[in-house]
Amino acid sequence: MKKPLVKINNIKKYFPVNDAFFKQSGSNIKAIDGVDLNIYKGETLGLVGESGCGKSTLGRVISQLLSPTEGNIIYDDINLSDSNETKIREVRKNIQVVFQDPYNSLNPRHTVEKIISEPFRIHKLYSVKERRMRIQNLLEKVGLDSKHMKRYPHEFSGGQRQRISIARTLALNPDFIIADEPVSALDVSVQSQIVNIFQDLQEELNITYLFISHDLSIVNHISDRVAVMYLGKIVELTDKRNLYEKPFHPYTEALLSAIPIPNPNVKKERITLKGGKPSPVTPPPGCPFHPRCPYRMDICETVVPKLKEREGRLVSCHLYE
């Protein structure tokens with residue numbers, strides 16, 4: 001049995017509400033509401049769902065940019081939830097993040113050389129000469145030239161900025177990278193180039209990815225397994241072939257029906273969900289998806305379905321009880 005590189009146990013992340021609109025005392029936004037997840041060495045796990053479902057929050061909690069309200073994150077047998085700051089700082093070298101907006105994630109006052117060398121300075125690694133050689137090597141890995149070292153972020157296109165972000169992410173030789181919507185802010189023509197860089201780096205360096213995206217076509221291209229998230233919970237998890245050929249959860253079915261087919265002669269029936277997404281402050285009782293589900297039953301309104309194994313996948317739905 002494979003051993004997970006990252007093991008997530010019952011992670012919850014609640015944010016207190018400071019708004020007069022919600023008059024209840026102690027109201028919380030339940031951004032993540034009990035997630036269990038294993039991520040295995042060398043794989044790419046895609047994480048999908050509509051905006052506001054908690055994907056990016058989960059990525060930030062795993063990377064320790066946010067502390068969980070409850071639950072444990074175990075990285076390579078180290079329980080980060082019980083570790084001190086010194087231990088977490090050491091582990092952070094192996095867990096890096098590529099953010100959605102490559103411009104806002106780069107300091108506009110710093111040159112490319114200084115941006116990429118910042119991790120070396122923080123962790124006190126290499127001499128000045130070694131740092132420069134390392135930066136040149138990293139730029140080459142992402143398809144940039146060493147002459148770009150003295151330039152500033154505003155002198156680059158969006159795709160080039162994201163390449164710089166990836167080079168900075170690789171500076172400390174991480175084992176695990178969380179890619180949070182890394183291509184959504186880029187032109188379609190550039191997206192495939194960045195995705196190919198991720199795949200080439202994984203093949204060369206055996207990096208493990210958590211690839212967060214709302215674009216199901218890109219997730220299908222890059223992922224080995226896919227987890228579907230809805231209102232802070234994982235509702236389905238399986239390998240990409242199973243998911244795209246035969247989705248089990250009604251929410252997954254609706255998401256996949258929205259993928260456009262680049263052929264005007266092929267007609268595809270799109271599933272339109274009725275009603276809006278429930279509030280994470282006051283989630284509905286029972287199954288969180290039941291107010292919008294076309295297959296809902298009486299039990300869905302009162303009992304929360306558990307994430308169970310069905311035909312080689314994990315799915316949270318009363319249809320399979």
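Which element gives the most residues to the lining of the second largest cavity? In this predicted model, helix H2 gives the most to that lining, with 3 residues. The cavity in question holds about 30 Å³ of space. The residues that line the second largest cavity are Ile62, Ser63, Gln64, Leu80, Ile88, Val91, Arg92 and Ile95. By class, this lining has 5 nonpolar, 2 polar and 1 charged residues.

A search of the whole structure finds 2 cavities of 30 Å³ or more. The largest cavity has a volume of about 70 Å³. Its lining consists of His249, Pro250, Cys287, Phe289, Cys293, Tyr295, Cys300, Cys317, His318 and Leu319. These lining residues divide into 8 nonpolar, 2 polar and no charged.

The largest pocket has a volume of about 570 Å³. It is lined by 22 residues, and those closest to its centre are Gln96, Pro119, Ile122, Arg168 and Leu172. Two or more lining residues come from each of helix H2 (85-92), strand S6 (95-98), helix H3 (112-123) and helix H5. Among the elements, H3 gives the most to the lining of the largest pocket, with 6 residues. Sorted by class, the lining of the largest pocket has 9 nonpolar, 7 polar and 6 charged residues. Of the 18 residues that line the second largest pocket, Leu216, Ala254, Leu255, Ala258 and Arg270 lie nearest its centre. The elements that give two or more residues to this lining are helix H7 (216-222) and helix H9 (250-257). H9 gives the most to the lining of the second largest pocket, with 3 residues. By class, the lining of the second largest pocket has 10 nonpolar, 5 polar and 3 charged residues.

Charged side chains were then considered in pairs. The count comes to 15 salt bridges. One of them joins Arg60 to Asp180, with the closest N and O atoms 2.7 Å apart. Arg60 lies in helix H1 (residues 55-62) and Asp180 in strand S7 (residues 176-180), so this pair ties together parts that are 120 residues apart in sequence.

Glu113 is in helix H3 and Arg132 is in helix H4, 19 residues apart, and the pair links distant parts of the chain. Glu113 is buried, with a relative accessible area of 13%, whereas Arg132 is partly exposed, with a relative accessible area of 38%.

A further salt bridge is formed by Arg241 and Glu245, for which the closest N and O atoms are 3.3 Å apart. Because Arg241 and Glu245 are 4 residues apart in helix H8 (residues 240-245), about one helical turn separates them. Arg241 counts as exposed, at 60% relative accessibility, and Glu245 counts as exposed at 59%.

Pro153 is placed in the loop between helix H4 (128-141) and helix H5 (158-170). Is Pro153 buried or exposed? With a relative accessible area of 1%, Pro153 is buried, because buried means under 20%. Leaving aside residues up to four places away in sequence, Pro153 touches Tyr103, Leu106, Asn107, Pro108, His110, Ile115 and Arg161. Between Pro153 and Asp101 there are 52 residues of separation in sequence and 12 Å in space, taken from C-alpha to C-alpha.

Technical notes. Residues numbered from 1 in each chain as written. Predicted model: local features only at pLDDT ≥ 70, side-chain atom pairs only at ≥ 80, totals over all residues. Heavy atoms only, no water. Buried < 20%, exposed > 50% of the residue type's maximum accessible area, 1.4 Å probe, protein only. Contact = heavy atoms within 4.5 Å. 1 Å grid on protein atoms, 1.4 Å probe; cavity = no way out; pocket = protein on both sides within 12 Å on 5 of 7 lines; lining within 4 Å. Points joined across faces, edges and corners; volume = space filled by probe spheres on them. Nonpolar A, V, L, I, M, F, W, Y, C, P; charged D, E, K, R; others polar. Salt bridge = Lys/Arg side-chain N within 4 Å of Asp/Glu carboxyl O.
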